[in-house]
Amino acid sequence: MPAERRTAARLPPPAGPKCRTREAPAVPGPGNPDDGAGGGAGARAPLGGSPDLLRAAFRRHPAGVAVVTARGGRLAGFTATSLTSVSAEPPLVSFGVGVASGSWAVIAETEHVGVHLLGEHQRELADTFARSGVDRFAPPTRWREGPEGVPLLESVPVWLVCRVVARVPAGDHRVVVAEVVAGDPAGPGRPLVHHDGRYNALRD
């Protein structure tokens, strides 16, 4: 997950700690004696559970790119690929944020967050909100104050304002569950996708 290079929903590089897989796994198929089903000589042994295994697995999982913003004593925001639709009734979403990230102190206290689904024209914006040690809201970032005082990014395909209803401990992260209270799903652009450590445009 990019995310503030430390969130996990942390983005795979450039915004997340991923490792490269150097060898493609064997492809199962009819008549392939090494498809793993019969324990052939070419079957790959499974790897043990580890952070590296998780990162390698999710490098192969394409994910939409979101930016989460909030306002507390200061503005905060980070790039994440962990955004999930949780429930329709009530309308709930979730995302992960690392407790060591610079945004967590604000997310831990705020009542509302902004969730933005980025378009393929916003790769630089995704990079900005995944980068540490910079003012992510300074120009050229364009934003305005939205409902509940939440900072809203301009020209995104979708923005939502959400009320935080739970912060669930999950290892070195917190899973934040939030109820959608306002939004606009009709902005410009096609989705931005993160896969194998890179931002990609969606193709038919």
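## Getting started

Two strands count as paired if DSSP finds at least two bridges between them. Strands themselves are DSSP runs of E with at least two residues, while helices are runs of H or I with at least four residues, and both kinds are numbered from the N terminus. With that in hand, β2 and β6 pair in the antiparallel sense over 4 bridges, and within that pairing alanine 66 has leucine 117 of β6 as its bridge partner.

A word on the model: it is predicted, so local features need pLDDT of at least 70 and side-chain atom pairs count only at pLDDT 80 or more, whereas totals for chains, interfaces and linings use all residues. Residues are numbered from 1 along each chain as its sequence is written, and side-chain values use heavy atoms, with hydrogens and water left out.

## The chain as a whole

The chain holds 3 helices and 12 strands. Of its 204 residues, 40% are buried; here buried means under 20% relative accessible area, exposed means over 50%, and partly exposed lies in between (1.4 Å probe, protein chains only).

The accessible surface of the chain is about 10700 Å², and carbon and sulfur atoms account for 54% of that. These areas come from the Shrake-Rupley method with a 1.4 Å probe, and for residues only the protein chains shown count as cover.

## The sheet and its helix

Seven strands build an open sheet with antiparallel pairing: 7 strands in the order β3-β2-β6-β9-β10-β5-β4. The edges belong to β3 and β4, each of which has a single partner strand, so one side of each is left without a neighbour in the sheet. From one strand to the next, the twist averages 35 degrees.

Helix α3 (residues 123-130) packs on this sheet, where it touches β2 and β3, and its direction makes about 115 degrees with that of β3. Contact here means heavy atoms within 4.5 Å; the axes are lines fitted to C-alpha atoms, for helices over the stretch in contact, and angles run from 0 to 180 degrees between N-to-C directions.

With β4 (residues 84-87) it pairs in the antiparallel sense over 3 bridges; threonine 84 has serine 94 of β5 as its bridge partner, and a hairpin of 4 residues joins β4 to β5. With β10 (residues 173-184), β5 pairs in the antiparallel sense over 7 bridges, and valine 93 has alanine 178 of β10 as its bridge partner.

## Two buried threonines

Threonine 79 lies in strand β3 (residues 75-80) and counts as buried at 0% relative accessibility. Its side chain reaches the backbone nitrogen of alanine 130 at 3.4 Å. That is a polar contact, meaning a pair of N or O atoms within 3.5 Å; within protein, one must be able to donate a hydrogen and the other to accept it, and residues adjacent in sequence count only if both atoms are side-chain atoms.

Threonine 110 is found in the loop between α2 (104-107) and β6 (112-117). At 9% relative accessibility, threonine 110 counts as buried. Leaving aside residues up to four places away in sequence, threonine 110 touches Ala70, Arg71, Val164 and Arg167.

## Salt bridges

The whole structure contains 3 salt bridges, each being a side-chain nitrogen of Lys or Arg within 4 Å of a carboxyl oxygen of Asp or Glu. One of them joins arginine 71 to glutamate 145, with the closest N and O atoms 3.5 Å apart. Arginine 71 lies in β2 (residues 66-71) and glutamate 145 in β7 (residues 143-145), so this pair ties together parts that are 74 residues apart in sequence. Arginine 71 is partly exposed at 33%, whereas glutamate 145 is exposed at 54%.

Glutamate 154 and arginine 144 also meet in a salt bridge (3.8 Å, N to O). Glutamate 154 sits in the loop between β8 (151-153) and β9 (158-170) and arginine 144 in β7, so the pair ties together parts that are 10 residues apart in sequence. Glutamate 179 and arginine 163 form another, with the closest N and O atoms 2.7 Å apart. Here the residues lie in β10 and β9 respectively, so the linked parts are 16 residues apart in sequence.
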